[in-house]
Number of protein chains: 2
Amino acid sequence: MIGAEQGVFRALADPTRRQILMHLSTGDMTIAEVSNRFEVTRAAIKKHLVILEEGKLISVHTQGRERINKLEPLGLKSATEWLNYFNRFWDDKLDNLKSAIEDHEDTNKENY
Amino acid sequence: MIGAEQGVFRALADPTRRQILMHLSTGDMTIAEVSNRFEVTRAAIKKHLVILEEGKLISVHTQGRERINKLEPLGLKSATEWLNYFNRFWDDKLDNLKSAIEDHEDTNKENY
DNA sequence: AATACATAATACCTTTTGGTATTATGTCAA
DNA sequence: TTGACATAATACCAAAAGGTATTATGTATT
């Protein structure tokens with residue numbers, strides 16, 4: 001539960017990086033191919049790719065003079081698990097509320 | 001699918017803020033109660049709480065001279081949904097892989 | 001070997017972020 | 001009403017983030 005997710009949440013914090021992940025979900029791309037899909041410089045995109053790599057959300061494979069960037073969806077696991085803690089928490093609250101309502105209904109019935 | 005999740009991802013990017021959410025999952029707290037659980041200043045915690053509020057992950061209710069901070073787990077919904085896109089994506093890849101293997105096995109059988 | 005090309009590395013700039021310290025405001029309680 | 005207390009607001013600082021421009025490096029291609 002504790003703390004290996006920092007790199008992932010940091011990587012996801014920037015909208016450009018989230019869009020890069022979306023693009024990479026349609027197929028592997030070189031830096032040039034990624035940056036063609038954005039207005040910013042290739043250098044800026046490269047920085048984003050490094051941060052995504054540090055967060056283990058993508059892997060990079062050198063192929064001649066090109067570097068292929070590949071999505072690693074399993075890298076999102078720690079973030080997903082962290083969020084699930086709260087989703088469970090919320091579900092429990094709803095269950096408790098439901099039980100409380102049912103109990104109340106039962107109580108009412110007893111009054112008749 | 002597109003873009004209301006920025007506030008949430010921004011809020012989740014800081015480890016102190018994620019810890020605050022964890023603490024609030026055990027019960028509502030005033031600013032003082034939250035900041036007692038951290039080394040940093042009350043003012044710093046207050047700033048984090050504002051960002052969490054902007055991301056709709058908590059709500060704040062004034063009660064006399066105190067302000068009660070309350071977790072809003074539903075605020076995590078957009079982030080969860082965003083991540084689910086990739087979880088689905090990953091599941092599909094696994095399914096495809098599985099089909100491919102099964103197809104290959106079938107092909108092999110046909111050869112006997 | 002020479003040149004073009006994809007990427008890396010460096011330097012630099014501006015804005016945002018996370019933090020402290022200090023002062024102000026509003027509310028409770030004697 | 002006056003003092004104590006919880007929070008707000010402001011000013012300020014250092015570091016990190018996001019970006020550009022420029023130069024360097026390594027790989028293909030001719």
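1. Start at DNA strand C. One of its phosphate oxygens is 3.0 Å from an N or O atom in the side chain of B:Arg17. Keep in mind that this is a predicted model. The side chain of A:Arg65 has an N or O atom 3.2 Å from a base oxygen of DNA strand C.

2. Which elements build the surface near DNA strand C? Those giving two or more residues are α3 (31-36), α4 (42-54) and β3 (66-71) of chain A, together with α4 (42-54) of chain B. The most comes from α4(B), with 5 residues. By class, this surface has 10 charged, 6 nonpolar and 4 polar residues.

3. Of the atoms of DNA strand C that come within 4 Å of the protein, 79% belong to sugar and phosphate.

4. Strand β2 (residues 58-63) of chain B and strand β3 (residues 66-71) of chain B run antiparallel and are joined by 6 bridges. Within the pair, B:Val60 stands opposite B:Asn69 in β3(B).

5. Turn to DNA strand D. It has 19 residues around it, and A:Thr41, A:Lys47, A:His48, A:Gly64 and B:Arg67 come nearest. Sugar and phosphate make up 78% of the atoms of DNA strand D that come within 4 Å of the protein.

6. The side chain of B:Lys46 places an N or O atom 3.1 Å from one. For the side chain of A:Asp14, the distance from an N or O atom to a phosphate oxygen is 3.2 Å. B:Ile31 uses its backbone, with an N or O atom 3.5 Å from a phosphate oxygen of DNA strand D.

7. The elements that give two or more residues to the surface near DNA strand D are α4 of chain A and, from chain B, α3 (31-36), α4 and β3. Here α4(A) gives the most, with 4 residues. Sorted by class, the surface near DNA strand D has 10 charged, 5 nonpolar and 4 polar residues.

8. How much area is buried between chain A and chain B? The value is about 2,600 Å², and carbon and sulfur atoms give 74% of it. A:Arg18, A:Met22 and A:Phe86 supply 22% of the area that chain A buries against chain B, more than any other three residues. The contact takes 24 residues from chain A and 24 residues from chain B.

9. Which helices make up the side of chain A that touches chain B? α1 (6-12), α2 (15-24) and α5 (77-111) of chain A each supply at least two residues. The largest share, 9 residues, comes from α5(A). By class, this side of chain A has 18 nonpolar, 4 polar and 2 charged residues.

Key: Residues numbered from 1 in each chain as written. Chains lettered and ligands numbered in written order. Predicted model: local features only at pLDDT ≥ 70, side-chain atom pairs only at ≥ 80, totals over all residues. Heavy atoms only, no water. Near = heavy atom within 4 Å. Polar contact = N/O pair within 3.5 Å; in protein donor to acceptor, adjacent residues only side chain to side chain. Nonpolar A, V, L, I, M, F, W, Y, C, P; charged D, E, K, R; others polar. Contact = heavy atoms within 4.5 Å. Buried area = accessible area lost by both parts, 1.4 Å probe. Pairing = 2+ DSSP bridges.
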